[in-house]
Amino acid sequence: MRFFHIADVHLGAEPDKGYPWSQDRSREIWDSFRRVIEQAGRDHVDLLLIAGDLFHRQPLARELKEVNAMFSTIPDTKIVLIAGNHDYLRKDSPYRKFPWGKNVWGLWSQEFSHVDFPEMGVRVRGCSYESREIRQPLYDSLKKSGEMPVEILLAHGGDEKHIPISRERLIAGGFDYVALGHIHKPQVLLEDRIIYPGSLEPTEKNDTGVHGFVKGEIKKGKVRTAFVPWAVREYKELRIPVTRETTQYRLTQFLQELIKKMGEKHIYTVLLEGKRDPDTEFHLNQLYSLGNIRAVEDQTRPGWSLEELCRKYKGSLLEEYIRSFGEKPDEEAEKALEYGIGALLETGEEIL
Ligand SMILES: [Mn+2]
């Protein structure tokens with residue numbers, strides 16, 4: 001028996017609203033989802049598990065129609081889904097009354113329920129969110145029933161406000177596989193057994209790293225899984241080392257080449273680090289056009305030459321101040337020293 005396990009697709013999300021690539025991202029999230037369905041068809045997957053937050057917010061009826069149409073293209077694949085905290089089952093949720101296709105099962109209740117597939121010897125158990133938050137650790141006391149050869153738990157949560165999860169208790173539950181959702185970074189709690197695939201596509205800047213889904217096979221009660229990288233893009237952080245020699249021009253060149261090397265489709269947060277020439281001021285605005293750049297943060301510190309300063313301001317308060325830190329100040333002291341130098345220089349030469 002072969003399965004795909006996806007989670008946190010967040011259809012309808014508009015990542016990085018206001019940025020030039022935001023609309024593309026909205027579309028890419030839908031595309032990525034459609035491509036998984038197509039892949040499931042090509043791979044003759046028996047079971048597609050969707051572990052909550054398929055939608056970023058309440059789904060619209062016409063969006064469910066779209067999703068259901070995609071599902072109908074893989075009639076031999078059984079699809080089981082639950083609602084997460086983002087697409088929770090409101091009283092009027094279209095999830096409840098939508099006429100799903102024959103191969104689709106929604107566990108539309110906050111009470112646990114299950115669906116059995118006798119031909120596969122598989123039971124899938126789970127529950128949906130009926131509100132934005134569930135603070136009770138609902139999965140803690142859940143146990144495999146023993147009524148079916150293979151039992152899968154479809155679960156969504158793992159933080160304080162969204163069904164807190166205890167790894168030990170999940171393991172003790174004895175399920176053959178726990179298909180988790182909610183945490184956007186892929187995470188294996190127990191190899192081949194209890195897994196967060198992470199969000200299919202990253203949906204915000206903190207979703208750094210690779211994204212995709214889990215594929216698995218259950219043979220004679222033994223589960224084997226593999227992570228499938230799938231997302232079109234990644235959020236990446238670029239740390240740019242700056243020295244006293246770094247000019248605006250060189251910074252621009254360096255960043256341009258780096259983005260080319262790392263991939264121009266990715267979305268970047270740029271951090272400037274190190275010690276710059278105290279006289280240099282970087283024009284951060286000019287860097288944004290070099291790629292999909294969300295933010296540029298200048299964390300550089302002025303690289304004073306203490307000797308030079310002492311020479312230039314000989315006999316002054318500034319020299320006295322610098323000398324007071326001794327030959328080799330530690331890192332803390334050095335920061336204080338730099339801060340002090342900056343402040344003294346700013347107050348003006350007349351008092352120095
Ligand atoms: Mn969630």
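This is a predicted model: local features need pLDDT of at least 70, side-chain atom pairs count only at pLDDT 80 or more; totals for chains, interfaces and linings use all residues.

**Core and metal site**

Author: In the largest nonpolar core, which has 34 residues, F33, L54 and F71 touch the most other members. Such a core is a set of buried Ala, Val, Leu, Ile, Met, Phe, Trp, Tyr and Cys residues joined through side-chain atoms within 4.5 Å. Buried means under 20% relative accessible area (1.4 Å probe, protein chains only).

Reader: Which element supplies the largest share of this core?

Author: α1, with 6 residues. Helices (H or I, at least four residues) and strands (E, at least two) are DSSP runs, numbered from the N terminus.

Reader: And what does F33 touch?

Author: I6, V9, L11, I50, L54, V67, M70, F71 and L200, leaving out residues up to four places away in sequence. Contact means heavy atoms within 4.5 Å. Another core, of 22 residues, lies apart; L47, V124, V150 and I218 are among them.

Reader: Switching to the metal. What coordinates the manganese ion?

Author: D53 (OD), N85 (OD1), H156 (NE2) and H182 (ND1), at 2.1 to 2.3 Å. Donors are N, O and S atoms within 2.8 Å of the metal (3.2 Å for Na, K and Ca); water is not among the atoms, so sites may look incomplete.

Reader: Is D53 buried or exposed?

Author: Buried, at 1% relative accessible area. H182 is buried too, at 11%.

Definitions and conventions
Residues are numbered from 1 along each chain as its sequence is written. Side-chain values use heavy atoms; hydrogens and water are left out. Buried means under 20% relative accessible area, exposed over 50%, partly exposed in between (1.4 Å probe, protein chains only).
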